[in-house]
Amino acid sequence: MANVSNCEIPENLLYFIEGKNTVWAKQEGTDVIVVGITDIAQTMAGKVVKVRLKKKGTKVEKGKPVATMESGKWAGPVPAPASGEIIDVNPDVEKNPVLVNQDPYGKGWLVKMKVNNPEELKQLVTGSAAVSKLTELINSEKLQCKRL
């Protein structure tokens, strides 16, 4: 686990990094991933007050939203790190959105997806490459991560 400016960056996860949108994916088998937002994303958003997840069975293209979130200072989509179908959603974050802030890599997960093409996962960043890309974002935004 890397820790940069108090931001946790687990090196075993896959990351979809597009501008300031940073999403993690954890592989559970060859074609199933769990998706959530990073510690960096939850810090930039501030206290999350609403999470709307796409329904089970929804087909999503890479980069298109799997969820939308609202906080005091931000509202927007959470992009899919790969194309596929949503096979499970986390009802706890809809009931208690602050879980995303408190435990972004654990209880704050958003959806599980069955990936159309597992090759797509190889395009995501992981390990030290992810740490270095996310460190650039932390530094450019002058972030200091904090959990609620």
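**Lys73 and its surroundings**

Author: Lys73 touches Thr43, Met44, Ala45 and Gly46, when residues up to four places away in sequence are not counted; contact here means heavy atoms within 4.5 Å. This is a predicted model, in which local features need pLDDT of at least 70 and side-chain atom pairs count only at pLDDT 80 or more, whereas totals for chains, interfaces and linings use all residues. Residues are numbered from 1 along each chain as its sequence is written, and side-chain values use heavy atoms, with hydrogens and water left out.

The UniProt record, in an unreviewed entry, places the feature "modified residue: N6-lipoyllysine" at Lys73. Such positions are given in the numbering used here, feature names are shortened, and annotations may be inferred rather than shown by experiment. Lys73 is exposed, with a relative accessible area of 61%; exposed means over 50%, buried under 20%, and partly exposed in between, using a 1.4 Å probe and protein chains only.

The location of Lys73 is the loop between β8 (65-71) and β9 (75-79). Helices (H or I, at least four residues) and strands (E, at least two) are DSSP runs, numbered from the N terminus. A hairpin of 3 linking residues joins β8 to β9, and the two strands run antiparallel over 5 bridges; strands pair if DSSP finds at least two bridges between them. Within this pairing, Glu70 stands opposite Ala75 in β9. Strand β8 also pairs with β6 (residues 48-53), in the antiparallel sense and over 5 bridges, and there Val51 stands opposite Met69 in β8.

UniProt, again in an unreviewed entry, lists residues 32-114 as "domain: Lipoyl-binding". The end C-alpha atoms of that span lie 5 Å apart, and the span is 19% helix and 43% strand.

Elsewhere, 7 strands form an open sheet with antiparallel pairing, in the order β7-β10-β11-β5-β4-β3-β12. Its edges are β7 (59-60) and β12 (125-126), each with a single partner strand, so one side of each has no neighbour in the sheet. Strand β3 (residues 14-18) is joined to β12 by 2 bridges, and Leu14 has Thr126 as its bridge partner in β12.

Rings of Phe, Tyr and Trp (its six-membered ring) pair if their centres lie within 6.5 Å; planes under 30 degrees apart count as stacked, over 60 as edge-to-face and the rest as tilted. By this rule there is 1 aromatic pair. Trp24 and Tyr105 form this tilted pair, at 6.0 Å centre to centre and 50 degrees between the planes. Trp24 lies in β4 (residues 21-27) and Tyr105 in the loop between α3 (99-102) and β11 (111-115), so the pair ties together parts 81 residues apart in sequence. Trp24 is buried, at a relative accessible area of 2%, and Tyr105 is buried at 16%.

The structure also holds 1 disulfide, defined as a pair of cysteine sulfur atoms within 2.5 Å. Cys7 and Cys145 form it, with their sulfur atoms 1.9 Å apart. The pair links distant parts of the chain, with Cys7 in strand β2 (residues 7-9) and Cys145 in the segment after α4 (127-140), 138 residues apart. The torsion about their S-S bond is about 90 degrees, so the disulfide of Cys7 and Cys145 is right-handed. Both Cys7 and Cys145 are buried.
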